[in-house]
Amino acid sequence: MSVTEYFRPASVNEAIELLARHGPDLLVMAGGTIAMPLVNEGISAPERVMSLRAAGLDGLRREPGRIRIGAACPLQGLLELDDVPLLQAAARHTGSWAIRNMGTVGGNLFAPPPAGDVTVALLALDAVLVVAGAGSRREIRLDSFHTGFMTTALGPDELLVEIRIAPPTGATAFHKLGRRQASTPAVVTVAARAIVDGGRVSEARIALGAVGPHPFRARAAEAALTGSRLDTASITRTATAAVDASDPATDGIASEWYRRRMTRLLVERALTDIADRPAGGAA
Amino acid sequence: MRVAGHRTLAAPRDEVFEAIHDPTMLLACIPGCEAVERVSPTGYRAQFALRLPSIAGSYELSVRVVDAIPPASCRLDGRVVGRPGAVTGQATLELTDVDGGSLLDYTVDARIDGPLAWLDSTLVERLARGILEQGLARLDHDLARRAMAGDAEARP
């Protein structure tokens, strides 16, 4: 079993047409950093492959009030976003240089846990996804995109084309723990954002990765933080809510027990970072 | 591989039993299910297209009801075959009455063959659990909708 046809559509419309024609047997590949290891090991044995490399989805565009990230924009591209330090930090902590040059922002949304660090940051930024199908185009909020482990709300004939964020308001922090400093799957990944108004948190986002079937927002933790003064007691309460919201698995990287312990620690660290510099945005 | 869990379904036990004992209804709940056919009095076959990242492909699932004690339990033998490999196993489904519906306990014991078995076993287990849970959520939804339609038309 080997690849018999390789498509390299030159536009989104052409890509959607190919997807409609070949259905679920068509392997859609952006950077290939998830797909190729599986193909090389024989786990994924597609007959037909479609590369999104030339489909014009690699752009990173700024418009007033929003940033539009093409689904096939390399992870490395995020390092240009000086005004979104949260995404810069997430990109810097994802894979290695080689992976960041090949791997894409859109692809990261499909990476099974414990991968998917950039997705965690995008969740904390209220990202909205644009997906296109044959003759249709719709928006999905990232926090309702994942439906389970490795499954998403993307229809069988749909393609993710763009990720949209607004320039972030408030202070942000990103923390990832791996088994080594770089190029590592996560024990846990935490992205936090808080708007502090008159000494109190008026809006909070706490997103977690590698401690559930997919990256998710810990809403109970966000609620625990909202209205608080970001003091030690509220940070502890928020971290407890985040641990309660997590459902980690034991794998080759870490045990479930260790992941819970580190979730608490990293949420506390992220919020302490924000409390120390509520006016700034550096991650 | 063993996947076990439970889910409360908002329908009486005999209705749930009828649904899980009739694999045409059960299989139709699998995300991406395209066709279900009955191949023998107790055997069923289904095609489903699961759009997984990096592992494209269609899968064929065959199920045989091996044991049924209405409305308490049901045992199914099944096999899923796709390009990345095959999963062969047995599922035990048990139903108990609870407030507001019935509790479904499920246990699946399965063997993974082919390239799929080279993957981290946690990954396949979580995938199987995810598909099961999504399927059961859909079953719950279908049962509730059927009950509402039944009420509306005042059928016995």
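A polar contact is a pair of N or O atoms within 3.5 Å; within protein, one must be able to donate a hydrogen and the other to accept it. In this predicted model, five residue pairs, both members at pLDDT 80 or more, are in polar contact between chain A and chain B.

**Interface between chain A and chain B**

- The contact draws on 36 residues of chain A and 20 residues of chain B.
- About 2,300 Å² is buried between the two chains, and carbon and sulfur atoms give 60% of that area.
- On the chain A side, Ile43(A), Phe149(A) and Met150(A) lose the most area to chain B, and together they make up 30% of what that side buries.
- The size of an interface is often given as the accessible area lost when the parts come together.

**Salt bridge and make-up of the chain A side**

- One salt bridge is counted between chain A and chain B.
- Glu47(A) and Arg83(B) form a salt bridge, with their closest N and O atoms 3.0 Å apart.
- Strand E2 (26–29), helix H2 (35–40) and strand E8 (146–148) of chain A are the elements that give two or more residues to the side touching chain B.
- Of these, E2(A) gives the most, with three residues.
- By class, the side of chain A that touches chain B has 20 nonpolar, nine polar and seven charged residues.

**Nonpolar cores**

- In soluble globular proteins, nonpolar side chains tend to be buried together.
- The largest nonpolar core holds 46 residues, and Ile20(B) and Leu139(B) touch the most other members.
- Helix H3 of chain B, residues 121–153, gives the most to this core, with seven residues.
- Leaving out residues up to four places away in sequence, Ile20(B) touches Leu26(B), Cys74(B), Leu93(B), Leu95(B), Leu104(B) and Leu139(B).
- A second, separate core has 35 residues, among them Ile69(A), Ala71(A), Leu109(A) and Ile165(A).

**Helix H6 of chain A**

- Helix H6 of chain A, residues 117–124, is largely enclosed by the rest of the structure, because eight of its eight residues are buried.
- Buried here means under 20% relative accessible area.
- The buried residues of H6(A) are Asp117(A), Val118(A), Thr119(A), Val120(A), Ala121(A), Leu122(A), Leu123(A) and Ala124(A).

Key
Residues numbered from 1 in each chain as written. Chains lettered and ligands numbered in written order. Predicted model: local features only at pLDDT ≥ 70, side-chain atom pairs only at ≥ 80, totals over all residues. Heavy atoms only, no water. Contact = heavy atoms within 4.5 Å. Buried area = accessible area lost by both parts, 1.4 Å probe. Salt bridge = Lys/Arg side-chain N within 4 Å of Asp/Glu carboxyl O. Polar contact = N/O pair within 3.5 Å; in protein donor to acceptor, adjacent residues only side chain to side chain. Helix = DSSP H or I, 4+ residues; strand = E, 2+ residues; numbered from the N terminus. Nonpolar A, V, L, I, M, F, W, Y, C, P; charged D, E, K, R; others polar. Core = buried A, V, L, I, M, F, W, Y, C linked by side-chain atoms within 4.5 Å. Buried < 20%, exposed > 50% of the residue type's maximum accessible area, 1.4 Å probe, protein only.
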